[in-house]
Amino acid sequence: MGDYDKGLELLRLLGGVEDPAVLELFDAVQAADYGKEAVAFVYGGVYQRPGLSLAQRQLVTVAALEALGYAEAQLAFHRAAVVNVGGDLEQDDETTRRLKRIAVYAAKGGVAPELADVLQEARDAGELREAVEAILHLAVYVGFPAALNALAITLTGDEHRERA
């Protein structure tokens with residue numbers, strides 16, 4: 001199964017529909033080729049990476065979209081997707097809280113001193129790999145520059161905190 005096929009299968013699971021609206025949108029604007037590439041990359045690639053469960057990926061996506069404040073249709077899709085993959089929007093264990101905080105700070109540009117603090121918490125809890133994976137995942141939602149800024153802080157957390 002190719003990346004597009006894997007991505008389409010996952011997109012159908014997340015959305016709970018056979019014909020995802022996002023593909024209809026790309027078709028309507030005569031950009032079906034871009035839609036296929038996006039599905040292959042995002043859902044057939046990024047979402048297939050190890051390190052986070054589908055529910056965790058959806059929860060960090062929801063937290064980031066809430067922080068952005070302007071993506072209501074996508075937020076509604078991903079809130080429903082949490083449930084469609086067996087997650088719980090009210091999940092509140094320490095790891096989930098930490099991942100959601102990382103998502104919020106990444107959405108705000110990945111440069112907040114608070115991000116250094118939560119990344120240090122993840123490091124102390126032995127969950128830095130999950131934190132990094134959350135940031136990589138969020139690049140497609142909050143932007144590549146914001147994700148790069150956040151990734152840089154994973155390397156320089158202590159130095160960043162001292163400057164803050």
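Author: The model is predicted, so local features need pLDDT of at least 70 and side-chain atom pairs count only at pLDDT 80 or more, whereas totals for chains, interfaces and linings use all residues. Residues are numbered from 1 along each chain as its sequence is written, and side-chain values use heavy atoms, with hydrogens and water left out.

The volume of the largest pocket is about 640 Å³. On a 1 Å grid over the protein atoms alone, a pocket is an open set of points with protein on both sides within 12 Å along at least five of seven lines, a cavity is a set where a 1.4 Å probe fits but cannot get out, and lining residues have an atom within 4 Å of a point. Grid points are joined across faces, edges and corners, and a volume is the space filled by probe spheres set on the points.

The lining of the largest pocket comprises 26 residues, of which Val 22, Tyr 43, Gln 74, His 78 and Tyr 141 are the closest to the centre. By class, 21 are nonpolar, four polar and one charged; Ala, Val, Leu, Ile, Met, Phe, Trp, Tyr, Cys and Pro count as nonpolar, Asp, Glu, Lys and Arg as charged, and the others, Gly among them, as polar. At least two lining residues come from each of α1 (3–15), α2 (21–28), α3 (32–43), α4 (54–68), α5 (72–84) and α8 (128–142). Helices are DSSP runs (H or I, at least four residues), numbered from the N terminus. The largest share, seven residues, belongs to α3.

Two of these contributors, α1 and α3, also meet each other. Their axes come within 7 Å and cross at roughly 80°, which means that α1 is roughly perpendicular to α3. Axes are lines fitted to C-alpha atoms, for helices over the stretch in contact, with angles running from 0 to 180 degrees between N-to-C directions; 65 to 115 degrees counts as roughly perpendicular. From α1, Asp 3, Tyr 4, Lys 6, Gly 7, Leu 8, Leu 10, Leu 11 and Leu 14 are in contact (heavy atoms within 4.5 Å) with Lys 36, Val 39, Ala 40 and Tyr 43 of α3. This contact has eight nonpolar, one polar and three charged residues.

A search of the whole structure also finds one cavity of 30 Å³ or more. Its lining draws two or more residues from each of α6 (94–107) and α8.

How values were computed: Parallel < 35°, antiparallel > 145°, perpendicular 65-115°, else oblique.
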